[in-house]
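Reader: I'd like to learn how to read a protein model feature by feature. Could you walk me through one?

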Amino acid sequence: MTTARATVALVGLGNIGFRHLQGLKSLASQIRLIGIDLSADNLARARAEWTGDDALFTTGADVAGESADVLILATSSQGRLKLLRQWGDRLKPRQVILEKITFTDMADFDAAAGWAARAGASVWVNCPRRVWPSFQRIRAELAAGSGPIALELTDPDFGLACNGVHLIDALQFLSGEAEVAATVCEISEIVDSKRAGYKEVHGRMVFATPSGHSLGLTVQPGQDPDRRLHISRGAYRLALDQAKGLATLPDGQTVDYGRAPYQSELTGRVVADLLATGSCGLATLEDSARAHSAEIEPLRALFEAAQIDCSAGLPIT
């Protein structure tokens, strides 16, 4: 008897979507892939990259009678709720992975949660530090200590608006607390993002959980860069090069905690876990909504005070 293959639908085959596609190649012999994008160039590149023998690459117009076990939305933040409803209703997935910034209006999180409840789907947000070896090891080490955990990053090149959610998610993961709020929001300027139509911010934000675990992010052009994430809890202290996974201890010793995996190395494992167990290491939509709210709500107030149109959501991605 031949076992039916699971179907994975990937909507968006641009930069991050292509990395997801590469990650799914580890499952190429086990899944049917539906790749969806409006760009003919993106479709051609994805088709050339894919190694499986069962795939459909399409603009979406000819997806009829198809269903999916897993849906990955690898699109920009604007319009994601519409795409979730469109492809979620059409393909009826039981598992959904969303990119971040997931939504730029907190009302969209409520709408997405309502859709998921009606559809009987589980929704996960791709803030992948939770499945990095370095952060998993650090979480286990922190669990042996007591008192508040403190994370601190000073990096003039860090995208505070677009990437802050990744480290807020890391704070949730390392502390085991999903509730988090901004306690400091000292933004010195709002600037144009590298992506047209979006904004970035410079300044400092601090986030804290109810138990006092905290994350401080300082992004100011011209500042002395460290770029390592400083992590402490009582006597436990290290400075982590997140990309290389090298941790510097207080005595100067360097310990290899494992480099950050590429997205192309993670997607296959996450999807395999979802297909096998219905769960994975990523944040739930509910927990990620708390992380997003901690950043979006204070920034929205500042953007609106600066006369920046936020009617379609905060212009960050």
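**Strands, cores and charges**

Author: Gladly! Keep in mind that this is a predicted model.

Reader: Which sheet order do the 8 strands form?

Author: The order is β8-β9-β10-β7-β11-β12-β13-β14, in an open sheet with mixed pairing. Its edge strands, β8 (181-192) and β14 (254-256), each pair on one side only. From one strand to the next, the twist averages 20 degrees.

Reader: Which strands does helix α6 lie across?

Author: Helix α6 (residues 160-175) lies across β7 (150-154), β8, β9, β10 and β11 (229-233), and it runs at about 20 degrees to β9. Helix α8 (residues 285-305) also packs on the sheet, where it touches β8 and β9; its direction makes about 50 degrees with that of β8.

Reader: And what is the strand order in the open sheet of 7 strands?

Author: That one reads β3-β2-β1-β4-β5-β6-β15, again with mixed pairing. Here the edge strands are β3 (55-58) and β15 (283-284). For a parallel example, look at β4 (residues 70-73) and β5 (residues 95-98), joined by 4 bridges; L71 has V96 in β5 as its bridge partner. Helix α3 (residues 80-91) lies across β1 (6-11), β2 (31-36), β4 and β5, at about 160 degrees to β4. Helix α7 (residues 263-277) lies across β1, β2, β4, β5 and β6 (122-125), at about 145 degrees to β4.

Reader: Now the interior. How should I read a nonpolar core?

Author: The general idea is that in soluble globular proteins, nonpolar side chains tend to be buried together. In this model, the largest nonpolar core has 74 residues, and L84 and I138 touch the most other members. Helix α6 gives the largest share of this core, 9 residues. A second, separate core of 24 residues includes V8, L33, A46 and V270.

Reader: Which residues does I138 touch, not counting residues up to four places away in sequence?

Author: They are L174, I231, Y236, L238, L240 and Y257.

Reader: How many disulfides does a search of the whole structure find?

Author: A disulfide is a covalent bond between the sulfur atoms of two cysteines. The search finds 0 here. For C185, the nearest cysteine sulfur is that of C310, 13 Å away; C185 is partly exposed, at 28% relative accessibility.

Reader: Last topic: how do I read charged pairs?

Author: Side chains of opposite charge can pair when their charged atoms come close. This structure holds 16 salt bridges. In one of them, D53 and R5 have their closest N and O atoms 2.8 Å apart. D53 is exposed at 65% relative accessibility, whereas R5 is partly exposed at 32%.

Reader: What does R32 form with D54?

Author: A salt bridge, with the closest N and O atoms 2.8 Å apart. R32 lies in strand β2 and D54 in the loop between α2 and β3, so the pair ties together parts 22 residues apart in sequence. R32 is buried, at 18% relative accessibility. E66 forms a salt bridge with R32 too, at 2.7 Å between the closest N and O atoms.

Methods: Residues are numbered from 1 along each chain as its sequence is written. This is a predicted model: local features need pLDDT of at least 70, side-chain atom pairs count only at pLDDT 80 or more; totals for chains, interfaces and linings use all residues. Side-chain values use heavy atoms; hydrogens and water are left out. Two strands pair if DSSP finds at least two bridges between them. Helices (H or I, at least four residues) and strands (E, at least two) are DSSP runs, numbered from the N terminus. Contact means heavy atoms within 4.5 Å. Axes are lines fitted to C-alpha atoms, for helices over the stretch in contact, and angles run from 0 to 180 degrees between N-to-C directions. A nonpolar core is a set of buried Ala, Val, Leu, Ile, Met, Phe, Trp, Tyr and Cys residues joined through side-chain atoms within 4.5 Å. Buried means under 20% relative accessible area, exposed over 50%, partly exposed in between (1.4 Å probe, protein chains only). A disulfide is a pair of cysteine sulfur atoms within 2.5 Å. A salt bridge is a side-chain nitrogen of Lys or Arg within 4 Å of a carboxyl oxygen of Asp or Glu.
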